[in-house]
Amino acid sequence: MSMAESLRWVVLPVRGLGKRVSISQWVPLIALLVCAVWFNYLSDGAFLTSRNLSNLSRQVCVNLTLAVGMTVVILTSGIDLSVGSVLALSAMIAAISQFHGDWASLGALGAVGSIALALGVGGACGAVTGVAVSRLNITPFIVTLGMMVICRGLTLIVSGAQAVAPIGDSLGSLSSGYLPPWPSFALITLLGIALISGQWWAVRQGTIRAAIATKRSLLCIAACGLAVHTFCGYRGIPAMVFIAAFCAASVWVVLSFTRFGRFVYAIGGNREAAELSGVPVRRVLGLVYCLMGALAGLGGVLDLARVNGAVPSAGELAELDAIAAVVIGGTSLMGGAGGVAGTLMGVLLMGVLNNGMSLVGISEHYQKVFKGLVIVAAVYLDLRSKRK
Amino acid sequence: MTPLLQVNHIAKSFGGIAALKDVTFEIQSGECVALVGENGAGKSTLMKILSGVWPAGSYEGEVHFEGRLLSVRSPLEARLAGISIIHQELCLFPDLSVAENLLLTEEYPYSGKPSTNLARWVHWGDLNKKASLLLESLGFSIDPGATVGSLSVAQRQMIEIARAVHHQARLLILDEPTSALSSREVEQLFKILFDMKKRGVTLVYISHKLEEIFALADRIVVLRDGTAVKQLQVSQTNAAEVVREMVGRPILEKTYFGDWVSEGPPLLEIEGLGHTDRRGGEVLGGIDLQVWPGEIVGVAGLMGSGRSELLRSLVGVLPGQRAGDVQLDGKPVQWNSLREAMDAGIAFVPEDRKKDGLFLDLGVGFNFTVSILDSMTTLLKRIDASKEADLISKLKERLHVKFADSSQPVKSLSGGNQQKVLLGKMVARSPRVLLLDEPTRGIDIGAKAEIYELIAELARNGVALLVVSSELPELLALCHRIVVLREGRLVADLPNQDLNQEKLMVFAAGAPQAAEGVRV
């Protein structure tokens, strides 16, 4: 019995809960749990401590921000290779505004200004990509490959190939700030209740079956429990997690409940049909890349806050991590299928692997090999389950 | 004499659903057997078993070919055993030359002698010479050096046939070969097929078009619900009997358009419409046409006559430059994108539902509502889920689409149901003018009748319809008026009284060819 076969048997009982749930949705979650337990065992319980999990949550924020944007791009059957460079450019310009522009001395106002600047720079890069993809009909792979090199060059030009540091405390508090444990607990509980009641409301509306809602509610309770353990046991919810989670949630809402979201799936599902159904394909595509750019800008801000400064080499290979997380999460590279929930799983899996392997002392060189294997394996399992 | 092909009690099911229950029949060498049945009757599954797509062992029962048990595990093995299939969607490499397509997958390519060396060199001269010999021997006038992508569908089919001959096929299976051909090309294909028969090739011909079957086949095997229900000698049966066996119930010959008189001004007025493509070539020219509310106007013409292009140009999705005046309700319109046309009340249903029409992997509900999301978004463009569910169930009822729940992917539906979803998507917009391109291509007779009813109902409600079809009987049964296009020009505008296929063909093909009885 191959690995995929055995995995199928392990997950098979779960299938009865909702008829049309494909196994592919469960692969990242199960892999996540297996890895967590395994790392916890190898690290003598250090992995699942509140402190380590809290650190892990901060480590995955940048990748989560990029990966949710990448999910939208890949859903339209596109790709964006420029996110790492756009991240570096926005972070660098924000750092320059803080350090050379002396916005650091303006306190919170300066921080907001720098964040807006980073978002603007990212959004502008994304808009350029979007125009090239949607109006000039150049393949996204090529456009963003060019954009990747261009933005890296611009980063080196504006910084003079030097690191720019430090930044103001207000901006830095994005990385060091926490919502205290008790308010965090209240927030997580409220969110959990809201999500679960939302599911049952949908059941009453007849849009989903009770079995699915039960399953999702159980998942939600488990996730809230884990969140309480992670955040309330150590300082509270980090500000970075707030921002990244907010981005992910917003994109999830847009994809699931809005016209724009439908259009994204339509374009990825069948572009010809989308055009002949009256979907404004060009406008949607342009917006998708613009959104991706803005999210890369935000990723730049988070990275800037975490490192307390900008280096020209920031975000190198970040695009590959983001793409890997999306693909592990089950979003099809052909577009039209997948979503943010899977991407969240993919991001967490990548984070768990990074954190866990470092924790148990596997050298970084081996980590790379292992991560590569996981990506290929994840896609293989996904393909197999879809072929059935 | 042992039959060439013996199919014994074949059964195959997919995840609990039986595609084939019990199929038994024989084919004698040199015979031409037509295989008919509604969509979902199991024709394609059977063909996939014969051609090795479903390997031996994945189905129950036995297939004997030339007296031996057929145990092929792949299409390649089937071909080596002497069974070739020509699919509905042709399997050629569009960017390679004719010669390469013909000979590329040969056992010992190019060098002329068997070689185990992987690094074989392509002998281009040999290759082209071999290919042109092959094509000449079959009487096909195709340049072996031409790129396949530049050929017509009919020519590509010839290449597939030539390839089958080259592989010494004893059994040639043709799956809906004429669905994309014009009448003239169909004639040409039939000449080739008669020639094949003379050479002793046994043919299995799958088609929805009974006229073709009666012209070509010796015997008809009728499949219904995964069972071979009847075998009929062509000389001893008629179309009505075949249809009765296919659907299991009698279908009445009838016309769908009701009485209708043009009142008031036309809804859609086209004057001097022309269209040039990006390279400046004329696609359409000087077309004058009026359509009144409640009228169904058929557009006939051969393949390449500009039928589809007329519709596409009207809604602004044909690349290139449009000229001339189009008026809707007496007001000139100048839309340049489909959205503008749709907002003005025109809807367009493209011909190729798989390529241009549907989101196959996405749900039925998604497909139904993707064109009318504007009408059900609330604050911040959020989609109102209950409104959407309402609309989906209304459409489901109105169009008699069969599906379990609205998240079911469209590709899991039968062709007829898919086509209804495609129509429903545009009907949901309540258009005033509806442009339909081949609304019933490749679907079974029952579903066709339902779609005709729907079209007639739309007309009764005052919608103006333009219907393009390559099946003339369909236009004759459906339309108040039929216009004929030839080479991008409107050559006839005929009320549907005392019309018949021959009369239409006179205009479509140009006078001389039409004199000889044209098979459609």
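This is a predicted model: local features need pLDDT of at least 70, side-chain atom pairs count only at pLDDT 80 or more; totals for chains, interfaces and linings use all residues.
Local features need pLDDT of at least 70 and side-chain atom pairs count at pLDDT 80 or more, while totals for chains, interfaces and linings use all residues. Residues are numbered from 1 along each chain as its sequence is written, chains are lettered from A and ligands numbered from 1 in the order in which they are written, and side-chain values use heavy atoms, with hydrogens and water left out.

I begin with the sheet in chain B. Four strands form an open, antiparallel sheet in the order 12-11-14-15. Strand 12 (282–291) and strand 15 (331–332) of chain B stand at the edges with a single partner strand each, so one side of each is left without a neighbour in the sheet. Strands here are DSSP runs of E with at least two residues, helices are runs of H or I with at least four, and both are numbered from the N terminus. Two strands pair if DSSP finds at least two bridges between them. Strand 11 (residues 268–276) and strand 14 (residues 321–328) of chain B are joined by seven bridges. Within strand 14 of chain B, D325(B) is the bridge partner of E271(B).

I turn to salt bridges. The term denotes a side-chain nitrogen of Lys or Arg within 4 Å of a carboxyl oxygen of Asp or Glu. Over all chains, the structure holds 23 of them.

One of them joins E66(B) and R170(B), at 2.8 Å from N to O. This pair links distant parts of the chain, 104 residues apart: E66(B) is in the loop between strand 4 (60–65) and strand 5 (68–69) of chain B, and R170(B) is in the loop between helix 5 (153–166) and strand 7 (171–175) of chain B.

Another salt bridge joins D329(B) and R432(B), whose closest N and O atoms are 2.6 Å apart. Here 103 residues separate the partners, with D329(B) in the loop between strand 14 and strand 15 of chain B and R432(B) in the loop between helix 14 (415–427) and strand 17 (433–437) of chain B.

In a further salt bridge, between E450(B) and K420(B), the closest N and O atoms are 2.9 Å apart. E450(B) lies in helix 15 (residues 445–460) and K420(B) in helix 14 of chain B, so the pair ties together parts 30 residues apart in sequence. Is K420(B) buried or exposed? K420(B) is buried, with a relative accessible area of 3%, whereas E450(B), at 30%, is partly exposed. Buried means under 20% relative accessible area, exposed over 50%, and partly exposed in between, with a 1.4 Å probe and protein chains only.

Finally, salt bridges link R307(B), E351(B), E438(B) and R441(B) in a network.

Next come features of chain A. A nonpolar surface patch is formed by L136(A), I138(A), F141(A), I142(A) and L145(A), with about 450 Å² of accessible area together. Such patches join residues with over 30% relative accessible area and no salt bridge, their nonpolar side chains (Val, Leu, Ile, Met, Phe, Trp, Tyr) being within 5 Å, or like charges within 9 Å. Areas come from the Shrake-Rupley method with a 1.4 Å probe, and for residues only the protein chains shown count as cover. F141(A) belongs to helix 7 (residues 140–159) of chain A and is partly exposed at 45% relative accessibility.

A cis peptide bond, with omega about -5 degrees, joins A165(A) and P166(A). P166(A) is in the loop between helix 7 and helix 8 (169–176) of chain A.
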